[in-house]
Amino acid sequence: MSASRAFVSAAPLDVAALEAQVASDSCGAVLTFVGTVRDNFDGRPVSGLDYEVYAEMAVPVMEQICGEVAAQWPGARVVIAHRTGHLDLGEASVVIAVAAPHRGAAYDASRYAIEALKDRVPIWKKELYSDGSTWKANAGPHLPSEDAP
Amino acid sequence: MDPATLIQIDVRWFAVLRERRGCDSEKVGVPVGTTVGALYEKLNPPGVAGRLPVLYAINHNYAAADSVLCDGDEVAFVPPLGGG
């Protein structure tokens, strides 16, 4: 597992290793968010996901988010990891591990990081169904509305 | 530089745009002074495929539509994101 605090991986994410990476004697809280592949979208059965990643840009943007967390919550340590390629049901697509001196900062920093990732990191998700597939966008205010279809 | 001079842009396509375009990257020559938004209009004109809201990235940084391109820039048109 890479020791970098932001990375993408075609291999399964090792949650325990990421938690160990952020843990520190100065931190009294370790909080891990794991995004997983859900078996349906609004009731329509999903058989898996394909993630496409613009890695040359995604990793720097993830690193930037890590820097924002460190600046906003002093003493916080964070690692962000995202899968690429095909994922089966239940697999972890994203892991955000945060260690902070106290729990409040850990919860706030974790939430900030996942929302920022969904808004800004160039990663795309194709949902696979038994009878087809579709590119599924995150809900978010980040996209210009004047160019809507 | 002479406005008639073409500069070379590396264009990257992703996800639904990659599928529509039929390739994941291409080199495109554009006149000096071309903006990233104008390049998108040129390569992806309104048509039967419909329009998507896109963000623009130049050399791995998000950029405004009126950003002027430079020779050798890597441009990506970023369709709605789905990470997480």
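User: Which backbone oxygen lies 2.6 Å from a polar atom of the side chain of Thr34(B)?

Analyst: The backbone oxygen of Pro31(B) does. A polar contact is a pair of N or O atoms within 3.5 Å; within protein, one must be able to donate a hydrogen and the other to accept it, and residues adjacent in sequence count only if both atoms are side-chain atoms. Before we go on, keep in mind that this is a predicted model, where local features need pLDDT of at least 70, side-chain atom pairs count only at pLDDT 80 or more, and totals for chains, interfaces and linings use all residues. Residues are numbered from 1 along each chain as its sequence is written, chains are lettered from A and ligands numbered from 1 in the order in which they are written, and side-chain values use heavy atoms, with hydrogens and water left out.

User: Where is Thr34(B) found, and is Thr34(B) buried or exposed?

Analyst: Helices (H or I, at least four residues) and strands (E, at least two) are DSSP runs, numbered from the N terminus. Thr34(B) is in the loop between strand 2 (25–31) and helix 2 (36–43) of chain B. As for burial, buried means under 20% relative accessible area, exposed over 50%, and partly exposed in between (1.4 Å probe, protein chains only). Thr34(B) has 13% relative accessibility, so it counts as buried.

User: Which residues is Thr34(B) in contact with, leaving aside its neighbours within four places in sequence?

Analyst: Contact means heavy atoms within 4.5 Å. By that rule Thr34(B) touches Leu39(B), Ser67(B), Val68(B) and Leu69(B).

User: How many helices and strands does chain B have?

Analyst: Chain B has 2 helices and 5 strands, and from the N terminus on they run β-α-β-α-β-β-β. Of the 84 residues in chain B, 48% are buried. Among its contacts with a separation of 6 or more, 54% come from residues 24 or more positions apart.

User: How many residues of chain A are in contact with chain B?

Analyst: 30 residues of chain A are in contact with 26 residues of chain B. Another way to read an interface is buried area, the accessible area (1.4 Å probe) that two parts lose on being put together, summed over both. Chains A and B bury about 2,300 Å² between them, with 58% of it on carbon and sulfur atoms. There are also 16 residue pairs in polar contact between the chains (both at pLDDT 80 or more). On the side of chain A that touches chain B, elements supplying at least two residues include strand 5 (48–53) and helix 3 (103–120). Helix 3 of chain A gives the most, with 5 residues.

User: How many salt bridges cross the interface of chain A and chain B?

Analyst: Side chains of opposite charge can pair when their charged atoms come close. A salt bridge is a side-chain nitrogen of Lys or Arg within 4 Å of a carboxyl oxygen of Asp or Glu. The rule finds 3 across this interface. One of the cross-chain pairs is Lys126(A) with Glu19(B), whose closest N and O atoms are 2.5 Å apart. Another is Arg18(B) with Glu52(A), also at 2.5 Å, N to O. That pair runs from helix 1 (residues 15–21) of chain B to strand 5 of chain A. Arg18(B) is partly exposed at 25% relative accessible area, whereas Glu52(A) is buried at 14%.

User: And inside chain A, which side chain does Arg120(A) meet in a salt bridge?

Analyst: Arg120(A) meets Glu68(A), at 2.8 Å, N to O. The pair links distant parts of the chain, helix 3 and helix 2, 52 residues apart. Arg120(A) counts as partly exposed at 23%, and Glu68(A) is partly exposed at 22%.
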